[in-house]
Amino acid sequence: MKNLFSFRNLLILAGALLVGSILWSVVFETLLPLAQAGHWQELTANLVGIPVIFAGTAAMIWGCLLFVLATFEGMASGERAALSEMERKGIRGAERRAAQRAMLERFLVVWRPGILWLAGGFMVILAGGWWINR
């Protein structure tokens, strides 16, 4: 019984409830009214566009997760530790700027996958919205 209420299971349940409520809303507030009114072209556009928007949203959520995890990875890097040590010692000048540049380069490398997923997901959402509203 203890494993039934684990954090992972509660997170899965919360996600399922959120997705289920969104799907319920889409079906009963968008798709069924279009079908009942006989707007078949709009219904077809929504049947294609809504899953595309969901896919883009999933890609953006994945990108956010990658970005946050990469930020933690970057904060644990040697470049960040070296810069913190320089700040503690009060070191200024070219050496500190070089350490800041190295840390920024490290972050740009580790952030790239998350940013690409975010941008790609945003473009997919735009495509789904365009498909629905064309």
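1. A residue counts as buried when its relative accessible area is under 20%, as exposed when that area is over 50%, and as partly exposed in between. Since the structure discussed here is a predicted model, the points below describe that model.

2. Trp62, which lies in helix H2, has a relative accessible area of 42% and is therefore partly exposed. Trp62 also belongs to a nonpolar patch on the surface, formed together with Leu65, Val68, Leu69, Phe72 and Trp117, and the accessible area of these residues together is about 630 Å². Helix H2 gives the most to this nonpolar patch, with five residues.

3. Gly49 is likewise placed in helix H2, but Gly49 counts as buried because its relative accessibility is 0%, a value that falls under the 20% cut-off. In sequence, Gly49 and Trp130 are 81 residues apart, while in space the distance between them, taken from C-alpha to C-alpha, is 8.0 Å.

4. The largest pocket has a volume of about 200 Å³, and the residues that line it are Gly15, Leu18, Val19, Ile22, Leu23, Phe54, Thr57, Ala58 and Ile61. Helix H1 (7-37) and helix H2 (40-75) each supply at least two residues of this lining, and H1 gives the most, with five residues.

5. Which classes of residue make up the lining of the largest pocket: nonpolar, polar or charged? The lining divides into seven nonpolar residues and two polar ones, with no charged residue among them.

Key. Residues are numbered from 1 along each chain as its sequence is written. This is a predicted model: local features need pLDDT of at least 70, side-chain atom pairs count only at pLDDT 80 or more; totals for chains, interfaces and linings use all residues. Side-chain values use heavy atoms; hydrogens and water are left out. On a 1 Å grid over the protein atoms alone, a cavity is a set of points where a 1.4 Å probe fits but cannot get out, and a pocket is an open set with protein on both sides within 12 Å along at least five of seven lines; lining residues have an atom within 4 Å of a point. Grid points are joined across faces, edges and corners, and a volume is the space filled by probe spheres set on the points. Helices (H or I, at least four residues) and strands (E, at least two) are DSSP runs, numbered from the N terminus. Ala, Val, Leu, Ile, Met, Phe, Trp, Tyr, Cys and Pro count as nonpolar, Asp, Glu, Lys and Arg as charged, and the others, Gly among them, as polar. Patches are made of residues with over 30% relative accessible area and no salt bridge: like charges are joined within 9 Å, nonpolar side chains (Val, Leu, Ile, Met, Phe, Trp, Tyr) within 5 Å. Accessible areas come from the Shrake-Rupley method with a 1.4 Å probe; for residues, only the protein chains shown count as cover. A salt bridge is a side-chain nitrogen of Lys or Arg within 4 Å of a carboxyl oxygen of Asp or Glu. Buried means under 20% relative accessible area, exposed over 50%, partly exposed in between (1.4 Å probe, protein chains only).
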